[in-house]
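Here is a short report for a first look. Please keep the sequence and the structure in view while reading.

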Amino acid sequence: MTKNVDFHPACKLFPKLNDSDLQELAEDIKANGLQNPIVLLDGEILDGRNRFAACKLAGVDPQFKNWDGEGSPVEWIISQNLKRRHLTPSQKAVVAFELLPLLEKEAKQRQRLSKGRGKKGAQECATFSSSGKSSEAAGRIARSSPRNVEMVKEVHSKAPELIEKIRSGDLNVQEGSRLAKLPAGKRANLLRQIEQGDNGSKMPHVRELVGTGRKSLESYSTPPHVTEALLTRESFRGNVLEPCCGDGAMVEVIEENGHQVVPSDIATGHDFFEMTESVPNIVTNPPFSVSQEFVEHAKKIATNKIAMLLQLSFLETVARYPLFQDRTFPLKVVYVFCRRLKFGNTPQHQSAPMAIAWFVWHKQHEGGATLDWIE
Ligand SMILES: C[S@@+](CC[C@H](N)C(=O)[O-])C[C@H]1O[C@@H](n2cnc3c(N)ncnc32)[C@H](O)[C@@H]1O
C-alpha cells in the first residue's frame, strides 16, 4: 500500500490534474509502470505530486529518488513544470506570486549557511536577490508578466479565496480582479453561482456576471502556437498594439519574437473603440461578436499592418464586403487553420472546435489578397 508522504510547498504551486487526466495517468502507470521516479527533498515530495496520486489510484507502489541537483530546488521545480505543462499567463502569475516567500526562505537558509565563510562564501551562496528585486525574480522564474503578478497580489489582498480559482483556470486574473473589487456578499453570491454552473458553461457564465455591460467579454485566451504561426509568416515593423490582451497569452508570444508590445484591454479600463492615437501594427484576437467593428476601428488607427484572428465565416456577408474591397488598407492574406481550434484556459473550459483564420491587412499591399493554410 502507498504510504503518505508530505509535499514540499513548491510542488503545491501548480494546479493538480483534473479527475479524468489523473485517471488516465493512473491507467498508464498500471499498464506501463511509473516511468519517472518521484523526486524527494528532505523526505517531502518536491516533484511528482500527480504521479504520486496516480500511483495511489492505480494501486502501484511509487518509486522515489532524492533530488540531486545544484542551486535552488525551488527554481528547479518551477522550470520542470513550465517545460512539461501548458499553463496560462494567469496561472503562471499565481505561481510567481506564491514563489516569493519560498525564494525568500531559501535565500535566508543560504545566508545562514554562508555565515563564517567570508565574502567568497556569501558570493557563492548569492541567490535571486543578487539579480534584482525578489518580486521581479519570481516573475522571471515563473515567466510571468509583472502586470499579472501585481493583479494576483491585489486579488490576494482583497479576496484570497479567488486565488485557487485562478490557479485551476476557472478564472483569469482580470476576472479575479473584477470579482475581488465587489463587496464580499455580492462576490460570495457570484462565486456560488459560478460553482453551481455546469462544466463548460462556467466561463461564459462568470463573464456575463462580472462583465462590463456587454453580454459577454468572450475572453478565451489564444493557445501560443496560434500566435507563433502568424509570426513565422508575417513580420511587423514598429510597435504592436494588442488591444484585447486578456491575461496576455498573445502578448507573451509576440514579445518572445522580439517585438515591443503595447498591451491593453477593456478589463483594465481601455476600451479599444476609444483609442484614437495611431499605432504601426495591431495584432489581436477580438471578441467575435464585435469583430467587424474591431477591424473597422483598427483600420482607422493602424499605419502599417493589422492581423486579426477571426472565424472563417468572417469572409461572408454583404456588410463586411467593403472591408475586403477597400484599397486604402487592403487585405493582404488569409491564413486558414486546417484544424479546427478550441479556445479556453483549461480542458474543462474549452469552446467547441472552431474554423479560424488569421486575416492580415497591410497598408502598403498591392494586388489582390492571397489565401494560405496553416497545418
Ligand atoms: C477573445 S479574448 C482575447 C484575449 C487575448 N487577446 C488572447 O488572445 O489570449 C477577448 C478580449 O477582448 C477584451 N475586450 C472586449 N471588448 C473590448 C473592448 N471594447 N476594448 C478592449 N478590449 C475588449 C476582453 O476583455 C477579452 O480579454
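## Paired strands

Strand 6 and strand 7 (residues 302-311) run parallel and are joined by five bridges. In this pairing, Val-283 faces Ala-307 of strand 7. The model is a predicted one.

Strand 6 (279-284) has another partner. It pairs with strand 4 through two bridges, again in the parallel sense. Here Leu-241 is the residue opposite Ile-282 of strand 6. In a regular strand, side chains point by turns to one face of the sheet and then the other.

## Helix 13

Is helix 13 enclosed or open? Six of its eight residues (the helix spans 249-256) are buried, so the rest of the structure largely encloses it. The buried ones are Ala-249, Met-250, Val-251, Glu-252, Val-253 and Ile-254.

What do they pack against? Their partners are helix 4, helix 12 (224-231), strand 4 (240-242), strand 5 (261-263) and strand 6. Just past the end of helix 13 comes Gly-258, with a positive phi of about 90°.

## Around the ligand

Ala-249 of helix 13 turns up again here. The ligand has 21 residues around it, and Ala-249 is among those that come nearest, with Ser-221, Thr-222, Cys-244 and Gly-246. The shell is made of twelve nonpolar, six polar and three charged residues.

## The largest core

The largest nonpolar core holds 40 residues. Within this core, Ala-93, Val-95, Ala-96, Leu-99 and Val-152 have the most contacts. Several elements supply at least two residues each: strand 1 (38-41), strand 2 (44-47), helix 2 (49-58), helix 3 (73-84), helix 4 (89-114), helix 6 (134-141), helix 7 (146-158) and helix 9 (173-180). Helix 4 gives the largest share, eight residues. Why does the core lie between domain 1 (9-84) and domain 2 (89-210)? Both domains contribute residues to it, so it sits between them.

Take Leu-99 as an example. Beyond its neighbours within four places in sequence, Leu-99 is in contact with Leu-13, Val-74, Ile-78, Ala-138, Ile-141 and Ala-142. Apart from this core lies another, of 34 residues, including Phe-272, Ile-306, Phe-359 and Trp-361.

## Helix 9

## A loop residue

Leu-315 sits in the loop that links strand 7 to helix 15 (321-325). Why does Leu-315 count as partly exposed? It has 17 C-beta neighbours inside 10 Å, whereas a buried residue needs 20 or more and an exposed one has 12 or fewer.

Phe-359, a member of the 34-residue core, lies 44 residues from Leu-315 along the chain. Their C-alpha atoms are 9.4 Å apart.

## The chain as a whole

The chain has 375 residues, and 37% of them count as buried. Its secondary structure comes to 15 helices and ten strands.

What share of contacts joins residues at least 24 apart? Among contacts between residues at least 6 apart in sequence, the share is 67%.

Methods. Residues numbered from 1 in each chain as written. Predicted model: local features only at pLDDT ≥ 70, side-chain atom pairs only at ≥ 80, totals over all residues. Core = buried A, V, L, I, M, F, W, Y, C linked by C-beta atoms within 7 Å. Helix = DSSP H or I, 4+ residues; strand = E, 2+ residues; numbered from the N terminus. Domains from an automatic or database assignment. Contact = placed C-beta atoms within 7 Å. Near = placed C-beta within 6 Å. Nonpolar A, V, L, I, M, F, W, Y, C, P; charged D, E, K, R; others polar. Pairing = 2+ DSSP bridges.
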